[in-house]
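Me: Hi! Could you walk me through this one?
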Amino acid sequence: MTITLYHNNRCSKSRATLALLESRGIVPDIVAYLETPPDAATLRSLLAKLGLTDARQLMRQGEAEYQALGLADPSLSQQALIDAMIAHPKLIERPIVVNGDRAALGRPPENVLGIL
């Protein structure tokens, strides 16, 4: 079983989620998504695995970039939102844990237990 963690080491929830996985003997594949942002296909796959129908649901809407880029505009296409996350990976909500065809946001970290 390969578990993948989209991780930001500066984020306390991301670090707590990693610690939770490790406490259960799981050593996840870590994707440092700020350094290597996921491509459009990966983001679409993550949205599907998370059961999200709107790319905005995977965005950190409190980030300055979200406001500065006008991403709250309801006329923006899903592709435009995905493109914004690729160009500004800081906008991607974190942490995301993927197990096969399922994924969960680690907010709170215990959310990921349901997919393990």
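Reply: Happy to. A word on terms before we start: contact, or touching, means heavy atoms within 4.5 Å. Also, this is a predicted model.

Me: Good to know. What does Ser14 touch, not counting residues up to four places away in sequence?
Reply: With those left out, Ser14 touches Tyr6, His7, Asn8 and Pro95. Ser14 sits in helix H1, residues 12-23.

Me: And is Ser14 buried or exposed?
Reply: Buried: its relative accessible area is 0%, and the cut-off for buried is under 20%.

Me: Switching topic, which residues touch the most other members in the largest nonpolar core?
Reply: Those are Leu58, Met59, Met85 and Ile96, in a core of 21 residues. Helix H2 (40-50), helix H4 (78-87) and strand S3 (96-99) each supply at least two of its residues. H2 gives the most, with five.

Me: What is Leu58 in contact with, leaving aside neighbours within four places in sequence?
Reply: Its partners include Leu43, Leu47, Met85, Ile96 and Leu105. Apart from this core lies another one of 10 residues, with Ile3, Leu21, Ile26 and Val112 among them.

Me: Back to the helices. At what angle do H2 and H4 pack?
Reply: At about 110°, with the axes 10 Å apart. That angle makes H2 roughly perpendicular to H4, and the crossing is right-handed.

Me: Which residues make that contact?
Reply: H2 brings Ala40, Leu43, Arg44 and Leu47, while H4 brings Gln79, Ile82, Met85 and Ile86. By type, the residues of this contact are six nonpolar, one polar and one charged.

Methods:
Residues numbered from 1 in each chain as written. Predicted model: local features only at pLDDT ≥ 70, side-chain atom pairs only at ≥ 80, totals over all residues. Heavy atoms only, no water. Core = buried A, V, L, I, M, F, W, Y, C linked by side-chain atoms within 4.5 Å. Buried < 20%, exposed > 50% of the residue type's maximum accessible area, 1.4 Å probe, protein only. Helix = DSSP H or I, 4+ residues; strand = E, 2+ residues; numbered from the N terminus. Axes fitted to C-alpha atoms, helices over the stretch in contact; angles between N-to-C directions. Parallel < 35°, antiparallel > 145°, perpendicular 65-115°, else oblique. Left-handed = near helix turned anticlockwise from the far one by under 90°. Nonpolar A, V, L, I, M, F, W, Y, C, P; charged D, E, K, R; others polar.
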